[in-house]
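Subject: A structure for you to look at

Hello,

Here is the structure I promised to pass on. Please open it beside this email and follow along as you read.

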Amino acid sequence: QVQLVESGGGLVQPGGSLTLSCTVSGNIRTIDTMGWFRQAPGKRRELVAGISSTGVTNYRNFAKGRFTITRDDFKSMVNLQMNALRPEDTAVYYCWGGKYYSSADDGVWGQGTQVTVSS
């Protein structure tokens with residue numbers, strides 16, 4: 001049974017950077033796609049970025065050019081480097097592992113880590 005544990009959230013000023021880490025217990029190689037989702041208060045959960053087992057990445061428009069997702073199967077980790085953060089990036093960020101973004105609920109989820117962007 002694969003489990004995901006996030007770390008690295010916190011409070012950062014606008015324009016600042018944070019790196020979120022997701023540690024995977026179990027065999028990460030059994031997971032086709034790893035990704036990060038986020039959910040802000042009163043809003044729907046949304047995909048931020050994803051990376052396949054072959055290293056193909058996928059970013060939402062708001063993340064392009066600012067966020068970078070990486071996957072290290074040897075370390076069983078997936079990271080999300082976030083730069084130029086904006087107040088609208090404030091949300092709970094969730095690590096996810098599964099097959100299709102469209103059926104994300106069928107995958108594995110971490111418990112979430114809070115990111116707050118505020119001066």
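In which strand does R71 lie? R71 is part of strand β7, residues 67-72. Strands here are DSSP runs (E, at least two residues), and they are numbered from the N terminus.

Before going further, a word on the source. Residues are numbered from 1 along each chain as its sequence is written, and side-chain values use heavy atoms, with hydrogens and water left out. This is a predicted model, in which local features need pLDDT of at least 70 and side-chain atom pairs count only at pLDDT 80 or more, while totals for chains, interfaces and linings use all residues.

**Around R71**

R71 counts as buried because its relative accessibility is 16%. The cut-offs are these: buried means under 20% relative accessible area, exposed over 50%, and partly exposed in between, with a 1.4 Å probe and protein chains only. The side chain of R71 makes a polar contact of 2.8 Å with the side chain of D73. A polar atom of the R71 side chain also lies 2.9 Å from the backbone oxygen of I31. (A polar contact is a pair of N or O atoms within 3.5 Å; within protein, one must be able to donate a hydrogen and the other to accept it, and residues adjacent in sequence count only if both atoms are side-chain atoms.) Leaving out residues up to four places away in sequence, R71 touches, among others, I28, M34, I51 and M77; contact means heavy atoms within 4.5 Å.

**The sheet**

Strand β7 belongs to an open sheet of four strands, in the order β1-β3-β8-β7, with antiparallel pairing. Two strands pair if DSSP finds at least two bridges between them. At the edges are β1 (3-7) and β7, each of which pairs on one side only. Six bridges join β7 to β8 (residues 77-82), and F67 stands opposite M82 in β8. Five bridges join β1 to β3, where S7 stands opposite S21. On β1, L4 and E6 make up the covered face, whereas Q3, V5 and S7 are on the uncovered one.

**The disulfide**

How many disulfides does the structure hold? There is one, formed by C22 and C95 with their sulfur atoms 2.0 Å apart. (The cut-off for a disulfide is a pair of cysteine sulfur atoms within 2.5 Å.) C22 lies in β3 (residues 18-25) and C95 in β9 (residues 91-98), so the pair ties together parts that are 73 residues apart in sequence.

**The core**

The largest nonpolar core has 29 residues, and M34, W36, V48, F67, L80, M82 and Y93 touch the most other members. Such a core is a set of buried Ala, Val, Leu, Ile, Met, Phe, Trp, Tyr and Cys residues joined through side-chain atoms within 4.5 Å. The largest share, four residues, comes from β3. Apart from neighbours within four places in sequence, Y93 is in contact with residues including E6, W36, F67 and V115.

**A last stop at G9**

G9 sits in the loop between β1 and β2 (10-12). G9 counts as partly exposed because its relative accessibility is 32%. Beyond four places in sequence, G9 touches L20, T113, Q114 and V115.

Enjoy exploring, and write back with any questions!
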